[in-house]
Amino acid sequence: QKRLEEEKEKLHEALIESQARYRELLNTAPAGIYEVDFIKQKFTHVNDVICEYTGYTKEELLSMSPFDILTEEGKKVFSERLRKLFSGKIVPDSAEFKALRKDGTEFWALTNITYLYENEKPKGARVVAYDITDRKQADEALRESEKKYRELVEDMNEVLIATDEAGTITYVSPSIESILGYSPSEGIGRSFTEFVYPDDLERMSNRFQEVLTGDSKPSEYRLVNKSGEVRWIRSSGRRILKGDRVVGMRGMFADITQSKSLEEQLRQSHKMAAISVLTGGLAHDYNNLLAVIMG
């Protein structure tokens, strides 16, 4: 009997020690850990990290409902998950919630959830939570940056283009439609040589190889648009490197057809002016000769 009592005492002490270690583990874990009772709509356990995340003490949180620390958006997500869970539907074990700190500021929490059941019915959950506010803000900043970049690219008159090392178009900006009449999807996957004016094709093929070797000086050539009209283009490009290997070209081109036309008109004007001066000089000389003859 005495030995039985001693064994019980040892088991009891081991249990107390195990529970103490468990509580210590929960409180020192690098993540928020809490348990919630779905029926009573109450927190039943919270660790120190959850208190740091929310700004509430343990005593305050244990008297609160999970709904008390959720934004309106978070409450909708949480309610919908509970509705599905209690109707027997499968609910993902991971979810993101927008929560409220005690001071009213918002933060994002990523939760990994283990559901607890009693008589095959959900009664609560054990949750590991992480504050992912910084990641969310970084994602939002990235999306905003990408949005501004897209708007900038789409508003440009110049066309941005990228190809692989063989000259196949991998990206082209929407402004190509205003110059060549093709949508970006009609250009991607095709070789840029398909759009080059035949008389300029050999020169442009050589120029493309020069760009791949690192020569980035601009060039002028002609393209043929969707309706068959010839357009003059001025372009510049740089090779794309992946490590030491050339994997393609990235460049920009603009339509200079109008300026080319004006240049041609200016040349013709200068030519006509030169002819006019020459003709006027000859007429003056002939007039002098005629005056001498008549005299």
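User: How many residues does helix H4 have, and how far does it reach from its first C-alpha to its last?

Analyst: Helix H4 covers residues 72-86, which is 15 residues, and it reaches 21 Å from its first C-alpha to its last, close to the 21 Å expected at 1.5 Å a residue. The expected span is 1.5 Å times one less than the number of residues, and helices (H or I, at least four residues) and strands (E, at least two) are DSSP runs numbered from the N terminus. Before we go on, please keep in mind that this is a predicted model, in which local features need pLDDT of at least 70 and side-chain atom pairs count only at pLDDT 80 or more, while totals for chains, interfaces and linings use all residues. Residues are numbered from 1 along each chain as its sequence is written, and side-chain values use heavy atoms, with hydrogens and water left out.

User: Okay, and which residues of H4 are buried?

Analyst: The buried residues in H4 are Gly74, Phe78, Arg81, Leu82 and Leu85, where buried means under 20% relative accessible area, exposed means over 50%, and partly exposed is in between (1.4 Å probe, protein chains only). Seen down the axis of H4, these buried residues fall within an arc of 100 degrees, so they line one face of the helix; the arc is that of the directions from the helix axis to the C-beta atoms.

User: What do they pack against, and what sits on the face turned away?

Analyst: The buried residues of H4 pack against strand S3 (94-100), strand S4 (106-118) and strand S5 (121-131), with contact meaning heavy atoms within 4.5 Å. The face of H4 turned away from its buried side carries Glu72 and Lys76, which are exposed.

User: Which residues of S3 are on its covered face?

Analyst: Ala95, Phe97 and Ala99 make up the covered face of S3, whereas Ser94, Glu96, Lys98 and Leu100 make up the uncovered one. S3 is joined to S4 by 7 bridges, and the two strands run antiparallel, with serine 94 standing opposite asparagine 112 in S4. Two strands count as paired if DSSP finds at least two bridges between them.

User: What does the turn between S3 and S4 look like?

Analyst: S3 and S4 form a hairpin with 5 residues between them, and glycine 104 in that turn has a positive phi of about 95 degrees.

User: Changing topic: in what order do the strands of the 5-stranded open sheet come?

Analyst: The order is S7-S6-S10-S9-S8, with antiparallel pairing. Strand S7 (169-172) and strand S8 (219-224) stand at the edges with a single partner strand each, so one side of each is left without a neighbour in the sheet. The twist averages 35 degrees from one strand to the next.

User: How many bridges hold the pairs together?

Analyst: Strand S6 (residues 159-164) is joined to S7 by 3 bridges and to S10 by 6 bridges, while S9 and S10 pair over 10 bridges. As examples of facing residues, isoleucine 161 stands opposite valine 172 in S7, leucine 160 opposite methionine 252 in S10, and arginine 239 opposite methionine 249 in S10.

User: Which helix lies across this sheet's strands?

Analyst: Helix H8 (residues 201-212) lies across S6, S8, strand S9 (230-242) and strand S10 (245-255), running at about 125 degrees to S10. Axes are lines fitted to C-alpha atoms, for helices over the stretch in contact, and angles run from 0 to 180 degrees between N-to-C directions.

User: Last one: is serine 219 buried or exposed?

Analyst: Serine 219, whose place is in strand S8, is buried, with a relative accessible area of 11%. Not counting residues up to four places away in sequence, serine 219 touches Arg207, Ile233, Arg234 and Ser235.
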